[in-house]
Amino acid sequence: PQARRDAAIKMMGNDGSSNGKLLMYGGLAAGPTMTTSVGRAYLEGATQSNLVALTDLWYLDLSSLTVACVSGDEVCAPLRWIMIDVPGTKPVGRWGAGMVLDPADNLYIIGGNTFDRTAREFKVLSDIFIFQLRDPYYKYCSATGAGLVSAVAGVSTPFYIQCRDAFGEPADSASFQVDITGKEGQPGMKPAPFPIGKGLYKCEYAAFVTGQYEIRIFVGRGGGEFMDLIEGIDTEPTNEDHDFIFQPASNSLASESAKEYFSLSVSPADTNARRSEAVGNSITGNTAGAIGTFLITARDVFGNRRPGGDTVTSLMELWNDITGRIMN
């Protein structure tokens, strides 16, 4: 992270079995042209100073630290700062803020001081923001399964979603909105995923009209206004195994390879004789010696046209109107 002072810090998950994580938010930093101490500039009210109030959130995973490492008996493994990129409205930059972590790992940022660069004055803040650190993060949610790309009419078809929180750990409290829309006027669907454990969710749908569809998956909480399109990338999205490689997001930009939607193709079910039809004048009348033709359209049980390739047998029998029987 950028050098700073007066940042808010908090330990998370520090207990007898784990060192936990060190959280750090905001702080007071110097701009590129500043030549004096930022602390002195603040205390002296030097509003012409190139002060920077930071609004970034970082964590340092301390789990690799051991007693032998800290005591100097062995070499410590390198510790890596990771920036937590969270959705929603970010607080204005500040330093000296209060920080509270509740039992559900919701992080509250309270008040602090800031520097209004436009008005060139220091301000004391009294607002409160919450970082829901264990919520599923849309950049760490991905989908997989053959049901994302193909389905058969009338058949219940699944696909799977995996979600992780800001630390890359499984998130089991995800709320989703799945929109399956037809590109050719087909009825849309809104299936509801359900959790199956360890940050995994299963979603099932059944389409009854063939054609091309688009699947969009949103995750968040508090309704559509607070939901984001998932941006996690599964390297093999057509199988049912999650091939997602966790890489911490370091900025607010969308993943370049993220899909806006999945393209789904729904094919017809098996041919159904009762829903198939034959049309043509030659079915009911023809002239001796003339070639009669008629057209057979194969359909599935939902009325969708089959692509062809069915085995068709036409049996023509001569009927005796006088005897009311088939002639030998």
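Modeller: Happy to! One term to start with: strands (E, at least two residues) and helices (H or I, at least four residues) are DSSP runs, numbered from the N terminus. Two strands pair if DSSP finds at least two bridges between them. This is a predicted model, where local features need pLDDT of at least 70, side-chain atom pairs count only at pLDDT 80 or more, and totals for chains, interfaces and linings use all residues. Residues are numbered from 1 along each chain as its sequence is written, and side-chain values use heavy atoms, with hydrogens and water left out.

Biologist: Great. Which residue in β7 is the bridge partner of Phe 115?

Modeller: That's Phe 122. Strand β6 covers residues 106–116, runs antiparallel to β7 and is joined to it by 10 bridges.

Biologist: And what is the strand order of the open sheet?

Modeller: The order is β5-β6-β7, 3 strands with antiparallel pairing. At the edges sit β5 (98–101) and β7 (121–132), each pairing on one side only. On average, neighbouring strands here are turned by 15° against each other, direction ignored; axes are lines fitted to C-alpha atoms, for helices over the stretch in contact, and angles run from 0 to 180 degrees between N-to-C directions.

Biologist: New topic: how many salt bridges does the structure hold?

Modeller: There are 13, counting a side-chain nitrogen of Lys or Arg within 4 Å of a carboxyl oxygen of Asp or Glu. One of them joins Arg 94 to Asp 127, with the closest N and O atoms 2.6 Å apart. Arg 94 is in the loop between β4 (81–83) and β5, while Asp 127 is in strand β7, so the pair ties together parts 33 residues apart in sequence.

Biologist: Is Arg 94 buried or exposed?

Modeller: Buried, at a relative accessible area of 0%. Asp 127 is partly exposed at 25%. Buried means under 20% relative accessible area, exposed over 50%, and partly exposed in between (1.4 Å probe, protein chains only).

Biologist: What does Arg 134 form a salt bridge with?

Modeller: With Glu 169, the closest N and O atoms being 2.6 Å apart. Arg 134 lies in the loop between β7 and β8 (141–144) and Glu 169 in the loop between β10 (157–163) and β11 (175–182), 35 residues apart. Arg 134 is partly exposed at 24% relative accessibility, and Glu 169 is partly exposed at 30%.

Biologist: Which residues are linked with them in a network?

Modeller: Lys 21, Asp 105 and Asp 165 join Arg 134 and Glu 169 in a network of salt bridges.
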